[in-house]
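Visitor: I would like to learn how to read a model like this one. Could you walk me through it, feature by feature?

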Amino acid sequence: MSNTEVIRTDAITADSISEPLLREKNIHLSILRLDKIHPVISGNKWFKLKYYLANAKANGHHTILTFGGAYSNHIAATALAAKLSGLQAIGLIRGEEPAIWSHTLQEARSNGMTLHFLSRTTYDVYKRSPGSPALTGEFGNCYIIPEGGVGDEGVKGAGEILELVDINHYTHIVSAVGTGTTVAGLIEKTTDSQQITGISSMKNNISLVSEIETLLNRSLPERFRLLHNYHFGGYARYNNELIAWINDFYERHQIPLDFVYTGKMMYAVFDLVKKDYFPSGSKILAVHSGGLQGNRSLPEGVLQF
Ligand SMILES: *Cc1c(COP(=O)(O)O)cnc(C)c1O
């Protein structure tokens, strides 16, 4: 593995994808490679964290605290980002301490994050009331970054993803959706002539629309569409078809995808092209939001890269 201490936003490229289907449908597709900023740290998380960390420092905090599950890209990214910003980090992890720590947890710890395992009930209480005396009493007066980086600072940072490309070149932008913070940032940074399609990685998360509206402080524009039918069984679920597709895509383009977010998103892009969702002549930018560290939770040999 290359130098794991370096974040390289200068390594990000928009790679043009060539395939017979795309030529046949007269679609131009580029993939924005946020995965290239670091071998394991997820691309969009890095952007979402930027303003939280700046605020923490500006307000004189020495320690940040955040929330996540045992495989969380957000925990992995926050641990490294805090370290690189010279901040201490505390991670509150949902659920009992596992007998064997995931790669994510091990790496967060090796990047200096102090991890605490909380029951789901306590975790939810702390997550929902970050200013509570119980939380402050237990962990001190830390700067709190919400789970998944959801919030105004996250939206602002995510919008900067589009500063990496000549955005006027594209008619359509597609991104995976978890909390919706990233797509909220993309909506803010695009114009009325550009369509945004979000691919939800969760099953039936119908409250997402109102959550994104809360983040944006307005109702969603019609040019934004959220699709719920590419979850492959639910959040972090997968089947043989998805895995075979991800392996095949890697074989064709040497671009690694993760099975939780970007694999489902790219599968959706090709399926939608097939179904003529994008008009002929469309110029699509698919955001590869990273997340490759999460693939380490799969059994050896499932993914062929
Ligand atoms: C967290 C994550 C997302 C979801 O981002 P949100 O801003 O929460 O919607 C998408 N892709 C990857 C790789 C992620 O790690």
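Guide: The buried residues of helix 3 are Asn73, His74, Ile75, Ala76, Ala77, Thr78, Ala79, Leu80, Ala81 and Ala82. Buried means under 20% relative accessible area, exposed over 50%, and partly exposed in between, with a 1.4 Å probe and protein chains only. Helices (H or I, at least four residues) and strands (E, at least two) are DSSP runs, numbered from the N terminus. This is a predicted model, where local features need pLDDT of at least 70 and side-chain atom pairs count only at pLDDT 80 or more, while totals for chains, interfaces and linings use all residues. Residues are numbered from 1 along each chain as its sequence is written, and side-chain values use heavy atoms, with hydrogens and water left out.

Visitor: Why is helix 3 described as largely enclosed by the rest of the structure?

Guide: Because ten of its twelve residues are buried. The cover over the buried residues of helix 3 includes helix 2 (43-58), strand 3 (63-68), strand 4 (88-94), helix 4 (103-110) and strand 6 (143-145), where contact means heavy atoms within 4.5 Å.

Visitor: What happens at the start of helix 3?

Guide: There, a side-chain oxygen of Ser72 comes within 3.1 Å of the backbone nitrogen of His74. Such a polar contact is a pair of N or O atoms within 3.5 Å; within protein, one must be able to donate a hydrogen and the other to accept it, and residues adjacent in sequence count only if both atoms are side-chain atoms.

Visitor: How should I read a nonpolar core, and which residues have the most contacts inside the largest one?

Guide: In soluble globular proteins, nonpolar side chains tend to be buried together. A nonpolar core is a set of buried Ala, Val, Leu, Ile, Met, Phe, Trp, Tyr and Cys residues joined through side-chain atoms within 4.5 Å. Here the largest has 55 residues, and Ile64, Ile212, Phe224 and Leu285 have the most contacts inside it. Helix 3 (residues 73-84) gives the most to this core, with seven residues.
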